[in-house]
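Open the model in your viewer and keep the selection panel at hand. The tour goes stop by stop.

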Amino acid sequence: MRRRLLALMVVSGMALMTACSGSSQPEKTTAAQTAAKEEKAEPESTEAPKAEASEESKEESGGGKVYGYITPGPDTWYQRNVEGFQMGAEKDGNKVVVLNSDYDVSKEVSNIDSMINQGVDGLCIFSFNESGAKIAAEKCAKAGIPLVSTDSVGTALDNNGNDIVAAIDFDWTEMGNNYGQWFADNCPGENIFVITGNFESVPCQRINEAMQAKVDELGKNKIIDIQEGEYNPSKAITVAQDAIASGKDFSVIFVMNEDMAAGIIQMLDSQGVADQYKVVSQNGSPAGLPLIKNGKLAYTISSSPGWEGLVSYQVLNQYATGKNTAVQQQVELPIMPVDQSNIDDKTKVVPWEVDECYWDLTKEYFPDLVQ
């Protein structure tokens with residue numbers, strides 16, 4: 001909504017999260033859009049980019065398989081996803097070539113061509129736009145290179161007969177259902193104001209639609225409005241302030257990620273009205289967990305990019321090694337509700353930074369991937 005930083009820089013500037021280790025990021029798609037507006041310093045190259053110097057080429061790998069990973073940018077969410085992928089490869093003695101698209105569509109296409117030219121044994125793409133995964137599917141199908149698409153919300157599946165191995169994602173629809181149920185159980189009769197990421201983001205669309213449907217079905221709450229925060233804490237604060245100043249009748253604020261939520265919570269504190277609102281969010285990130293602990297964030301759902309990266313690797317490696325030849329797989333990581341009762345349980349609040357608990361979680365939820 002990914003479902004992956006500029007938003008981190010804003011929130012860190014507020015000095016709100018000094019107790020946090022590591023960093024956080026806005027939801028994936030729009031972080032890319034925001035960064036894309038500002039990363040124009042260098043002219044575009046017409047040549048396919050080279051792999052990072054720290055990565056070995058296929059010829060230099062000295063055995064094992066060489067997989068490619070195309071990432072949208074260097075921001076925290078994406079980097080953690082790469083690290084999860086690398087975690088699996090390192091355990092198996094395989095190598096990973098990483099290319100960064102810098103939120104640039106033409107560079108992403110060049111990166112796909114570069115990976116194909118290098119003859120990687122398999123490719124994982126985390127595209128910052130929905131067309132990127134489809135382009136990769138077409139090109140990889142022609143080249144005979146297996147492809148896994150991460151965080152594409154299944155848009156690369158059934159792409160004009162260009163089969164991919166799998167689409168790896170979070171269950172955004174079930175998240176929306178879960179939020180709707182939580183509202184009914186924990187704040188019946190209260191109205192909800194939603195600050196989503198952006199309306200074009202498929203993860204946002206999935207959550208919003210499912211949440212609205214569940215709220216309507218249960219009849220305990222009412223969503224009075226949905227506005228965009230653009231995954232920008234400053235923008236989200238302004239949207240929340242305007243809604244409060246307008247006199248809209250609501251006492252629950254749903255915010256699509258915890259960087260925006262952190263800014264809104266600080267604003268509510270500074271205005272002395274924090275006790276009048278419940279703030280609910282999504283991510284389970286380093287920015288959000290301390291707010292759960294101190295009670296300022298009422299509820300969130302954990303979605304670990306590191307674990308998602310490991311699952312992406314496991315699915316791709318199984319196909320490339322012939323252990324599982326299935327294609328067109330839709331692999332959805334389970335939702336992990338987070339509140340004060342389970343905040344210190346890694347099996348419920350999955351770390352963003354790579355952690356050995358990923359193996360136990362994968363064995364529990366995807367046992368076929370760890371055989």
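Start at Gly 219, the residue that follows H7: its phi is positive, near 70°. This is a predicted model, so treat each stop as a prediction.

Now step back into the helix itself. Select residues 202–218, helix H7. How far apart are its end C-alpha atoms? They are 24 Å apart, and this agrees with the 24 Å that 17 residues should span at 1.5 Å a residue.

Next, colour the buried positions of H7. They are Val 202, Pro 203, Cys 204, Ile 207, Asn 208, Ala 210, Met 211, Lys 214 and Val 215. An α-helix has 3.6 residues a turn, so residues three or four places apart point the same way.

What covers these buried residues? Show helices H5 (130–143) and H6 (172–186), which are part of the cover.

Move to residues 76–92, helix H3. Its 17 residues should span 24 Å at 1.5 Å a residue; the end C-alpha atoms lie 25 Å apart, which agrees. Buried residues number 12 of the 17, so H3 is largely enclosed by the rest of the structure. Among them are Trp 77, Tyr 78, Arg 80, Phe 85 and Met 87. Gly 84 and Gly 88 are buried too.

Go just past the end of H3. Gly 93 has a positive phi there, about 75°.

Finally, zoom out. The protein has 12 helices and 12 strands. Of its 371 residues, 57% count as buried.

Conventions:
Residues numbered from 1 in each chain as written. Predicted model: local features only at pLDDT ≥ 70, side-chain atom pairs only at ≥ 80, totals over all residues. Heavy atoms only, no water. Helix = DSSP H or I, 4+ residues; strand = E, 2+ residues; numbered from the N terminus. Expected span 1.5 Å × (residues − 1). Buried < 20%, exposed > 50% of the residue type's maximum accessible area, 1.4 Å probe, protein only. Contact = heavy atoms within 4.5 Å.
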